[in-house]
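Here is a friendly walk through one protein model, with the side chains as our guide.

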Amino acid sequence: MARSSSDVPGGVVFVELIRLAVVVLATAISLDVSSRMGADEGAGQLVLTALGAGVGYVVGGVLGRFAQSRMSDVERTLQEVSASEIVAGTAGMLLGLVIAAGVTWPVLLFGGKAFTVPMAVIVMATMAWAGMRLGRSRAGDLLRFLGAGGRLPSSSGRARGSAYKLLDSSALVDGRLVDVCRDGWMEGILLVPEFVLYELQGLADSADPERRGRGQRGLDTLASLQRLSSIGVEVLEDDPGGEEVDTKLLKLARLRGTPLVTTDGNLARVAEVQGIPVRNLHSLAESLRPPVLPGQVLPLTVAKRGREEGQGVGYLPDGTMVVVERAGDRIGDDLSVEVTSIVSTSRGRMLFASVLEADDPTPRPRLLRGDAG
């Protein structure tokens, strides 16, 4: 719905200033016309001057409201464009004008003005438009080149399109996201909704050690993403409503047309049914991760008891779950475990291992902690 000038801060003052300028201009023109027509210095000039002022008052009001309406449209358009796009678009436009000036000035010096001036104007307008479009399309890359990558500003209605990617808490908890972004498998701007941050904060404050570890790992992942220069990170303030975090994520992704990055297999399937693009972090990370083979030895800290009697559960640095036999009573211990089997699930890999006793004489190929993910 269009807003009137009274709805815009300073709108009435702007309209009246334009009206005043037009009235003064119309009055001056009417005085000049009256003097040229030889009108009487008394009543004749007064009538023409009053007529000019009246026309200027009406025309000035129309022009003022038209200009205010156009400025409001421009303001609403700019509100949907990020500051980075405005800066990059302006820089691209100025660069296009400089290139156009360098190309056209020799023609202007030697050609006929009636032909060369219109052509120069067309070339400059075309180059300025092309430079602005190119600058806006590469805004993120330009700012990251200038050292502004990894920022964490807030955004609202402007974060739309496939250049943005919406992060689920499961993707942040998975430490492989940093490696995927660092190695160039994911680019653009990563959006982190505020309710996802609150979910991670709730996990990090939990009394349960496993939940607390997951929340802290998610916050650490976010901090690591901020330090990367290859991608940008923004907090999305919008809350589409709903009780479940997954429901909010699906609504946001569908409304904005942004791909969803997640490791939650069920959420990914629901998103695909609704036509939402999904970036499966598992498939991306598998292409980067060196294989873990049965028989390899891994350092592991037992975090909790497993489902079966005598089982202990630990996690690799990338979040991969390792189920260790006969380690249920060794929670908190740092062990060397030998991988016995690997199971692939919709949520990624799960390793089964056994405790490698210190006096085991059999030599084993050892895998350093930095090579485990």
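With 28% relative accessibility, Glu210 counts as partly exposed, a label for values between buried (under 20% relative accessible area) and exposed (over 50%), using a 1.4 Å probe and protein chains only. Before going on, please note that this is a predicted model, in which local features need pLDDT of at least 70 and side-chain atom pairs count only at pLDDT 80 or more, while totals for chains, interfaces and linings use all residues. Residues are numbered from 1 along each chain as its sequence is written, and side-chain values use heavy atoms, leaving out hydrogens and water.

What does the side chain of Glu210 meet in a salt bridge? Its partner is Lys304, at 2.5 Å from N to O; a salt bridge here is a side-chain nitrogen of Lys or Arg within 4 Å of a carboxyl oxygen of Asp or Glu. Glu210 sits in helix H9 (residues 209-226) and Lys304 in strand E7 (residues 297-305), so this pair ties together parts that are 94 residues apart in sequence. Helices (H or I, at least four residues) and strands (E, at least two) are DSSP runs, numbered from the N terminus. Lys304 is partly exposed too, at 26% relative accessible area.

By this rule, the count comes to three salt bridges:

| Glu210 | Lys304 | 2.5 Å |

Glu16 and Arg19 both belong to helix H1, three residues apart, or about one turn of the helix. Glu16 is partly exposed at 36%, whereas Arg19 is buried at 9%. Arg19 also lies over the face of Tyr57, 4.1 Å from the ring centre; for this, CZ of Arg or NZ of Lys must be within 6 Å of the ring centre and within 35 degrees of the ring normal.

Ser30 is also part of helix H1 (residues 11-36), and is buried at 9% relative accessibility. Leaving aside neighbours within four places in sequence, Ser30 is in contact (heavy atoms within 4.5 Å) with Leu48, Thr49 and Gly52.
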